[in-house]
Amino acid sequence: MNKVLISLTARQLLGRRRTLVIGLLLALPILIAVIYRFSDEAGSGEATEKFALGLVSVMIFTMLLPLVALVFGTASLGAEIEDGTAVFLLTKPIERWRIIAIKIGVASVAAALFVVPVTMATTWIIHESPTADGLMLGLGLGALVASVLYCAAFVALSAVTSRALIFGLVYVFVWETFATRIFDSLRWVSIREYAYGWSDAIISINDNGAFYDPHLGVTTAIVGTMVVIAAACVGGTRALTRFEIGERA
Amino acid sequence: MAVNDISFELEPGITGLLGPNGAGKSTLLHMMAGLLEPSSGEVLVNGEPSWKNATMYSRIGLVPEREVTYPFLSAWEYTLASARLHQLPQPEVAAQTAIDMVELGDAMHRKMSGYSKGMRQRAKIAAALVHDPDILILDEPFNGTDPRQRLQMNTMFKELGDSGRTIVFSSHILEDVEDLAEDVLVVIGGRLGAAGNFRQIRRLMTSRPHAFTIRSSDNRALAAALVDRPYVTLVSFDSDVMEVQTTDFGAFTETIAPLVQSSGVALQELQPADDSLENVFAYLVAR
């Protein structure tokens, strides 16, 4: 049963056009990293470290990673609800929590498979110093956590509303990008901050970049991660249990 | 479409849910299938509430009107996936049996994106039948099917109904219901218009007052001949068109041709004025 659910979700998610567009988008940071590496600025000093952190945090963590997770997270369940194929799954004797868990799992793996290697490769290409391995692993871990958390949130959101894409964009680009910078306490409710918290456990540098600026400790990040996953599973399952055909707003 | 004040019980065999588009047929079927929550009252399937009851799907099969096929799958993969999601002990055997029942064997390995609507419909039916359910809920199952496929599906549904399964299907086409169902529920405007044996309901439909518009070479001469007939209740004129109301559809249609001939009039047009399904249903509801 699980294999069928995983296979159906993966085949639906990894359509040729969607994969190609995401691949092209994620090639951008690698391209910039390559250009930087061959420029006069390249080296192993503090400036290079800052550039690597800045590029990864601005381009990947702030823009591309949430976008990729939004695409996979909402397509994993929301697209099936929109096109009607979800009825095929929902009229089978399958526990709703299993559907939500598998949808979150497949979307997370798909997003992570794209984003984590790109994050690590971008860091590795730019930076060449004794701290590079820690930087690469730390940012890679952050990207992995962010992929899972964003996908969990967006899968659950698409079980609740047909406007998951809009709400997801508002969350990422209004709440996380602007609101958390204006009101510091809002960082407690930010997936990006949780991901930075995980990264910070491995990254052994003192001087943070202008954009990579972790505020939460590892413990808070772990608790936040568990809360997001639990809330997504419970909320998504509850919404799917009460799913009504043709009545979505 | 909201439905109100509807109460009925389905027995094994085939029941047709008849009504015009937008009457509430799909709403009723979706409630039976546990995909809509009734705001009041309850829907029981095999004695259990259908709402929030995923385990009941091991005993019911649903063919929704809306497209639910994955275009990247073949009918074989789709039916096999259904069998595996039902955790059947021999999913391949069950899938092959269901595919054979809907006669989709020749095309079963082709992607469903290249299927006609009728073929996708048959794939949906195969996936709904794969676990051999006691109850089959079919929303407009004949959509997109050609006459040969329709005949084959009719035979299949009749065999399933005769073997003790409960089958309920919706249609807005009288002939579809006539061919298949012994018992009928007529739904209009979200309410139950009539329920019972199809032949009784058909008789009610036929014996209702009917209106015809007639255009002829001499409407007045024809009207004079018509008003003598006991089954003609009203004759009215509107420029060159005449409207005739009758209480006996059969007598009127049998005698109009000889009457026209004996009156020496040339008949140019004869059309039922109120024969839309909505009018028929409205009459049943008003009774």
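Two strands count as paired here once DSSP finds at least two bridges between them. Keep that in mind for the close-ups below, which all come from a predicted model.

**View 1. An open four-stranded sheet in chain B.** The strands line up in the order 10-11-9-12, with antiparallel pairing. Strand 10 (232–238) and strand 12 (267–272) of chain B sit at the edges with a single partner strand each, so one side of each has no neighbour in the sheet. From one strand to the next, the twist averages 20°.

**View 2. Strands 9 and 12 of chain B, with a helix across them.** Strand 9 (residues 210–216) of chain B pairs with strand 12 of chain B in the antiparallel sense, over five bridges. Look for I214(B), which stands opposite L270(B) in strand 12. Helix 9 (residues 249–262) of chain B lies across strands 9, 11 (241–246) and 12 of that chain, and runs at about 15° to strand 9.

**View 3. Strand 1 of chain B, covered on both faces.** Six of the six residues in strand 1 (residues 13–18) of chain B are buried, so the rest of the structure largely encloses this strand. G13(B), T15(B) and L17(B) are on one side, with I14(B), G16(B) and L18(B) on the other. Strand 1 runs parallel to strand 6 (residues 166–171) of chain B, paired over six bridges, and L18(B) has S171(B) as its bridge partner there. Four bridges join strand 1 to strand 7 (residues 183–188) of chain B, also parallel; here G16(B) stands opposite V184(B).

**View 4. A nonpolar surface patch on chain A.** V21(A), L25(A), L28(A), L31(A) and I35(A) make up a patch of about 440 Å². V21(A) belongs to helix 2 (residues 16–37) of chain A and, at 46% relative accessibility, counts as partly exposed.

Conventions. Residues are numbered from 1 along each chain as its sequence is written. Chains are lettered from A and ligands numbered from 1 in the order in which they are written. This is a predicted model: local features need pLDDT of at least 70, side-chain atom pairs count only at pLDDT 80 or more; totals for chains, interfaces and linings use all residues. Side-chain values use heavy atoms; hydrogens and water are left out. Helices (H or I, at least four residues) and strands (E, at least two) are DSSP runs, numbered from the N terminus. Axes are lines fitted to C-alpha atoms, for helices over the stretch in contact, and angles run from 0 to 180 degrees between N-to-C directions. Contact means heavy atoms within 4.5 Å. Patches are made of residues with over 30% relative accessible area and no salt bridge: like charges are joined within 9 Å, nonpolar side chains (Val, Leu, Ile, Met, Phe, Trp, Tyr) within 5 Å. Accessible areas come from the Shrake-Rupley method with a 1.4 Å probe; for residues, only the protein chains shown count as cover. A salt bridge is a side-chain nitrogen of Lys or Arg within 4 Å of a carboxyl oxygen of Asp or Glu. Buried means under 20% relative accessible area, exposed over 50%, partly exposed in between (1.4 Å probe, protein chains only).
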